[in-house]
There are 2 protein chains.
Amino acid sequence: MEKDIIYVIGHKSPDTDTLCSAIAYAGLLKKKKINAVPAVYGDLNPETQYALDLFKVKDFQKVKTVKNKTVILVDHNEASQSPEGIEEAKVIGIVDHHKINFSSSDPIEIDVKPYGSTATIIAEKMMTEQFKINKQMAGILLSAILSDTIIFKSTTTTKTDIKIAKELAKIAGVDNIKTFGIELKKKKASLSGLSAKKVIYSDFKIFELADKKFGIGQVEIVDPKEGKEKKAELIAELNKINEEEGLTFTALMLTDIMKEGSEVLIAGDKSYIEKAFKTKIESDSLYFPGMMSRKKDLVPKIMEIA
Amino acid sequence: MEKDIIYVIGHKSPDTDTLCSAIAYAGLLKKKKINAVPAVYGDLNPETQYALDLFKVKDFQKVKTVKNKTVILVDHNEASQSPEGIEEAKVIGIVDHHKINFSSSDPIEIDVKPYGSTATIIAEKMMTEQFKINKQMAGILLSAILSDTIIFKSTTTTKTDIKIAKELAKIAGVDNIKTFGIELKKKKASLSGLSAKKVIYSDFKIFELADKKFGIGQVEIVDPKEGKEKKAELIAELNKINEEEGLTFTALMLTDIMKEGSEVLIAGDKSYIEKAFKTKIESDSLYFPGMMSRKKDLVPKIMEIA
């Protein structure tokens, strides 16, 4: 086991909330004289890169494994979503806003709140503990909240997310939160120039339910045309992934952040989603109005029926 | 589902930390205009009754089931330790200081810290949030900390437990924490006049590991003679429980709070404890110097080898 360093790290296929939460939480711990290092596993998406560049934040480590490391998990808790090597890591803490599916042999520190983003939990903690949030930190935390709540449009958004985001915007010098949010989202919400595989894996999670596993990706689009053009290619790739990974089914949510709904493309056993929504999927996809959040609008419904 | 009321409730075989934490946390929630009711499942032990009487606290509900209730679990999280009906309850929160073994289909609020008592987590939260702790509340929270940390002698004790206990003692008007702690512990630490069954079930927990279940009780004694006199009777009862409950093994820690060690009596398959401590148990019991905490000194060692 590597000594003395605590790696604060989020899920694989990192998004803005995962990395910015890791950076902010490590910052809070360092203030408490704890030797914490923010880390990331996997490539950054263009949205995250944009937020980091804009607020001039670059102090984090890219790691290839968490094997033999002491880690605090942020923005996830299920081992199937953790970086490579998690089985041989020592998990000493969790800060997250997802459903929990975790067990440990010792008591560890766990802070889970049903907020729209992990960044909200961390920013609220900083404010309660009167930790001084600087402009850079406020900027990336705000970006993380706007990213994960899809500019407050996601059904996961709480009053606390909005309240904290407003306070962060003041510190970060962001005058119009919505305009900034759309600017940020546009960086990620483009499928053009990306392979189907890259699109799916840009935010892809595996869920476990008894002995079944299923994979659900989510991408945001601002222009429905983009989805239409790439659909056949995406479905072919979903089928390939479903077979290669040995999953029960593999789905991709094409979430239209303007129209506020998702087209769900699906490969493998369609019956789970059909049962969950009491519907029939004739072809390989179906549009669900109002579906914005994977973890709130899709995953729990599948868990309930399965 | 019963509407609008949130029951704050601890584990079965309630101890001082379980009930006092439920009462304090419900108090904190009520201040936030949440309709929370502190509840308890099972009979109070003499120590808990003493603390409640001393600080004139009596507002809590005894419940026979949590079926169809909305609950916040305190001082435990594993369903096997929850009150009857937990499978049909809606769990919306957890405040605990034990190892976690919990899964939910939705995100819920979870606050787990590796402190010596759940009361420490709640008292710290109250202080951080500048909630005014009155004398009664301080008294029962202090009692809970002293009870669960065995007057700071348990290996689970942290600096935070001691710091918070000192602040609570000031508010509660307790001048000598140690003297008060011994007074409190003596109420519980007596086997005389109790049946073997009552002794074992006074603080008994079932643990699950893959498809195995084992039960471990713990009682504190101040006089080693007491344990010796009751030993044969206790072992006979452990064997009976082990068979009736279909457990892999059933153990009882006789924790001598003066000598600071535990005699572990055991029925059923002894090999788990033997492997965990690389020892051989010739008869039905073995003394382990320094073993004070079930959850820190015994359970994790069994989990590791099994």
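This is a predicted model: local features need pLDDT of at least 70, side-chain atom pairs count only at pLDDT 80 or more; totals for chains, interfaces and linings use all residues.

Twelve strands make up an open sheet of mixed pairing, running in the order β3(A)-β2(A)-β1(A)-β4(A)-β5(A)-β7(A)-β7(B)-β5(B)-β4(B)-β1(B)-β2(B)-β3(B). At its edges stand β3 (61-62) of chain A and β3 (61-62) of chain B, and because each has a single partner strand, one side of each is left without a neighbour in the sheet. Within chain A, strand β1 (residues 6-9) and strand β2 (residues 36-40) pair in the parallel sense over four bridges, with Y7(A) standing opposite V37(A) of β2(A).

The chains meet in this sheet where strand β7 (residues 109-112) of chain A pairs with β7(B), in the antiparallel sense and over three bridges. Here I110(A) has V112(B) of β7(B) as its bridge partner.

Turning to the interface as a whole, 22 residues of chain B are in contact with 22 residues of chain A, and the two chains bury about 2,000 Å² between them, with 60% of that area on carbon and sulfur atoms. Of the area that chain B buries against chain A, 28% is supplied by I100(B), P107(B) and I110(B), more than by any other three residues. Across this interface the rule finds zero salt bridges, whereas it finds five residue pairs in polar contact, both residues of each pair being at pLDDT 80 or more. On the side of chain B that touches chain A, the elements giving two or more residues are β6 (101-103), β7 (109-112) and α10 (294-305) of chain B, and β7(B) gives the most, with four residues. By class, that side of chain B has nine nonpolar, seven polar and six charged residues.

Which residues surround S285(A), once its neighbours within four places in sequence are left aside? They are K231(A), E263(A), V264(A) and L265(A), all in contact with S285(A), which itself lies in strand β12 (residues 285-289) of chain A. Because its relative accessibility is 8%, S285(A) counts as buried, the cut-off being under 20%.

Notes
Residues are numbered from 1 along each chain as its sequence is written. Chains are lettered from A and ligands numbered from 1 in the order in which they are written. Side-chain values use heavy atoms; hydrogens and water are left out. Buried means under 20% relative accessible area, exposed over 50%, partly exposed in between (1.4 Å probe, protein chains only). Contact means heavy atoms within 4.5 Å. Buried area is the accessible area (1.4 Å probe) that two parts lose on being put together, summed over both. A salt bridge is a side-chain nitrogen of Lys or Arg within 4 Å of a carboxyl oxygen of Asp or Glu. A polar contact is a pair of N or O atoms within 3.5 Å; within protein, one must be able to donate a hydrogen and the other to accept it, and residues adjacent in sequence count only if both atoms are side-chain atoms. Ala, Val, Leu, Ile, Met, Phe, Trp, Tyr, Cys and Pro count as nonpolar, Asp, Glu, Lys and Arg as charged, and the others, Gly among them, as polar. Two strands pair if DSSP finds at least two bridges between them.
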